[in-house]
Amino acid sequence: MLKLAVTALAEFVHRRGDLHARLDGRTRADEGIALQRLLQTGRPDSYERERAVGLETELAGMPVTVAGRIDGCDAAGDVILIEEFKTTRADPEAAHRHHASVHWAQAQLYAGLLARQLGDGRGFELRLVYGHPDSRETRSFTRACSAADARQFVDETLTAYGWWLEHLADHQQARDAHLATLAFPFADYRPFQRAMARRVFQALRDREHLLLEAPTGSGKTLATVYPAVRALQAAGYRRVLFLTSRNTGAMAVRDAAAQLDPEQRFLRHASITARERACFVPGTPCEPDACPYARGYYDRARPAVVELLERRGADPASVAEVARAHTVCPFELALDAAVWSDLVVADYNYVFDPLVRLQRFANDSQAVLLVDESHQLAPRVRDMLSLVLTRREIREALADNPPDAVARRIRGLDRALLALKRRAGLAAEQMMDRPDALIRAMQRFVDEVGTGAEPLEPYPATRELLFNCSRWLRAESWYDPDRFVFLGEAAGRSVTVRLVCLDPGPYIRARLDEYGGHVRFSGTVSPLNLYARLHGEADAPAERAGNPFSAGQLGVLVVRDVPTYLRRRADSVATLVSLIDSVRGARAGHYLAAFPSFDYLQLAADAFAERFPGAALRCQTPGMSEAERGAFLAGFHDGAEPSLGFVVLGGVFGESVDFTGASLAGVICVGVGLPPPSLTRQALAEHYIGEGLDGRLVAYQQPAMVKVLQMAGRLLRSPADRGVLCLVDERFCEPAFRQFFPDHWQPRTVRAAEVAGELAAFWS
């Protein structure tokens, strides 16, 4: 039984007009409920609030229930009154102009459903009431509608939606016929890959929440995508959502889809690229007056979606081609196509960010989640839930010279921030109470913009401040005083206020619960119980896939006698340079040395260049462009002259970029890379101590070891690879750090002078 909400049905079938990206007019659900109740006071006894209406029918051979609740109606007279209340801080005329097609369709659908329920021929008065949640001012728009027209409108709407359902049913029938016999796309599995795929299928079939550690190079992308796609047919799911934090992850999924359906006959897949990357006119506001791809988008989107779906693969290039042909926004087109796709690839934020998350896929129990690189999940969500406001943002907005009324509210925001500085005695970063007066000033600023007539397109810094303040106001919906803290600091004219999320686990769990089964997987989620707790899933299964690499493929050396502490780096850099030369000299090939900071990298690079002036040394630099990163990677391709690269731990070459087409002979991690102490990390540690965990482990050791393990993961990428991993720091000998080592590592603790002999034995 397919359940359709009246609001969603009106939105899908009847939305027309332009795209509008402005935040003005946004309100909270509780504000809408409060205003609606206020406006409905004093109505006659015959007036009904939240009257339920519905209809059971069949579309495309599928039983369908249409249901909704009318905000208010009065069926006592000769003409039946139907009221829909819309709460907005925007100008009501503009709100009606932008959304009238959907709002009137919603009211008319209610009328048609009520006419069927009552069974008489009385006409209707349809009334849309737009109200401001603070001023309580309202603006009403009315229309008359006959019972016959209302019933016909319901029939026509369902017929239009039924075409899409029939289109979807035909596709799913053909898809499921293929999936029922879909074989693994290669003759042989990698070692343990079959068992991994079987376990993923079981978890999705049984709607489990599974955390899975699978080594890099074990074929985990295909071992998760293949069983997830099979589960569409076997377990009755509608789609697979594959979440990744990397472009390379998205490309790997598209490659897997191509391997499963090389002729693009039955599997629809879509990739959702960030709006900024997809945009045809970067820097142009997403408003109809400025962008031709936003103007009239909903009038042209349907045929574009159909064409894109017929191609099966909505990759970024296909989306761009179809979007240009139909003059529609590529980002919105990809979203609309994704609704009807079987495999959707997207960034974490489209599920977990409370503002960016896609309502199209929210609360979708017919979707399964595959969460790639899940060692990043907790810190990414922690960042999504944290906020910052600086006085610099406010001053830059004032420098825009926005309209006088807006500027007045921005100056009020500036005064509130300065008053907070004085009241809290801000200097160095410190804990502080909730800044209620500052938040009220944000609300006044957002309200002013929402009710103002002038657009903000000419004032970019003001727009950015608006986005930020709107996010602060929306934080009411996810703020929890037990898991968040407020921090403030000031230096001279600079003032900064932060809302910091300490524990995103309960929020992550709540989002995951909205979907069917899911698998969170990564090559580095040891200790499993720690990551399960950070994800809010301490009671869910957590397992390791078998390691496909033999002990002889990876040599792990822990060098304990080269000090890497900040105060001793200059004294030990000569020994470090000799060690690096010993590693690369043991066997010709490509090597990476990873450092905890650019300063340390440069210190070592200068010493190495002085000692070995003719060596082919490549160094990562801060803020490298895409072209510069490509040139760096080109030096490590198979067939190129042996290269030595110096990079930073946790940087773009440690995780976000794969050394495709390159085989590394060795990786040297210099130092454990502990993050520097801060008030935020102190608060993080104290919070988890209160939760019964090792606070230092969570705040410092775990983020450091993630970077080390990801760097080590650059080594073995296929069953034929061999390589050496050299960990340079005596702290790698400590149990607190060794508990993060994967099970298949067999580390040997050595002195720097012993490395050459150890490697000679390994390579021989």
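This report walks through a predicted model of one chain, from its overall build to a few local details.

Residues are numbered from 1 along each chain as its sequence is written, and side-chain values use heavy atoms, with hydrogens and water left out. Because the model is predicted, local features need pLDDT of at least 70 and side-chain atom pairs count only at pLDDT 80 or more, while totals for chains, interfaces and linings use all residues.

## The chain as a whole

Let's begin with confidence. The chain has a mean pLDDT of 91, and 97% of its residues reach 70 or more; pLDDT is the predictor's confidence in each residue, from 0 to 100. Confidence is highest in strand E13 (residues 387–390), at a mean of 97, and lowest in helix H23 (residues 652–656), at 72. Where pLDDT is low, the predicted coordinates should not be read in detail.

The chain holds 27 helices and 25 strands. Helices (H or I, at least four residues) and strands (E, at least two) are DSSP runs, numbered from the N terminus. With a radius of gyration of 29 Å, close to the 27 Å that the globule rule gives for 764 residues, the chain is as compact as a globular protein of that length. That radius is taken over C-alpha atoms, and the globule rule is 2.2 Å times the number of residues to the power 0.38. Along the principal axes, the C-alpha atoms fill a box of roughly 100 × 70 × 50 Å.

Of the 764 residues, 55% count as buried, where buried means under 20% relative accessible area, exposed over 50%, and partly exposed in between (1.4 Å probe, protein chains only). Among contacts (heavy atoms within 4.5 Å) between residues at least 6 apart in sequence, 78% join residues at least 24 apart.

The expected span is 1.5 Å times one less than the number of residues. H3 bends by about 75° at His99, the bend being the angle between axes fitted to the seven residues ending there and the seven starting there. Just after H3, Gly119 takes a positive phi of about 75°.

Helix H9 (residues 297–310) has 14 residues that should span 20 Å, and its end C-alpha atoms are 20 Å apart, which agrees. H9 also bends, by about 30° at Pro303. Its buried residues are Tyr297, Tyr298, Ala301, Ala304, Val305, Val306, Leu308 and Leu309. These buried residues pack against helix H4 (147–179), strand E10 (313–314), helix H10 (316–326) and helix H11 (330–338).

## Backbone details

Most residues other than glycine have a negative phi, and most peptide bonds are trans. Against that background, Arg312, in the loop between H9 and E10, has a positive phi near 70°. Thr327, in the loop between H10 and H11, has a positive phi near 55°. The peptide bond from Ser526 to Pro527 is cis, with omega near -5°. Pro527 lies in the loop between strand E17 (518–522) and helix H19 (528–534).

## Residues in their surroundings

Here are the accessibilities of some individual residues.

| Residue | Relative accessible area | Class |
|---|---|---|
| Thr564 | 4% | buried |
| Ser271 | 4% | buried |
| Cys145 | 9% | buried |
| Thr327 | 30% | partly exposed |
| Cys733 | 30% | partly exposed |

Ser271 is found in strand E9 (residues 269–271). Not counting residues up to four places away in sequence, Ser271 touches Arg254, Ala314, Pro316, Ala334 and Val345. Ser271 and Ala314 are 43 residues apart in sequence and 6.3 Å apart in space, C-alpha to C-alpha.

Thr564 sits in the loop between strand E19 (554–559) and helix H20 (569–585). Leaving aside neighbours within four places in sequence, Thr564 is in contact with Arg569, Tyr600, Val670, Gly671, Val728, Asp729 and Arg731.

## Cysteines

A disulfide is a pair of cysteine sulfur atoms within 2.5 Å, and by this rule the count comes to 0 disulfides. Cys145 is in no disulfide, and the nearest cysteine sulfur, that of Cys73, is 14 Å away. For Cys733, the closest cysteine sulfur is in Cys726, 12 Å from its own and too far for a bond.
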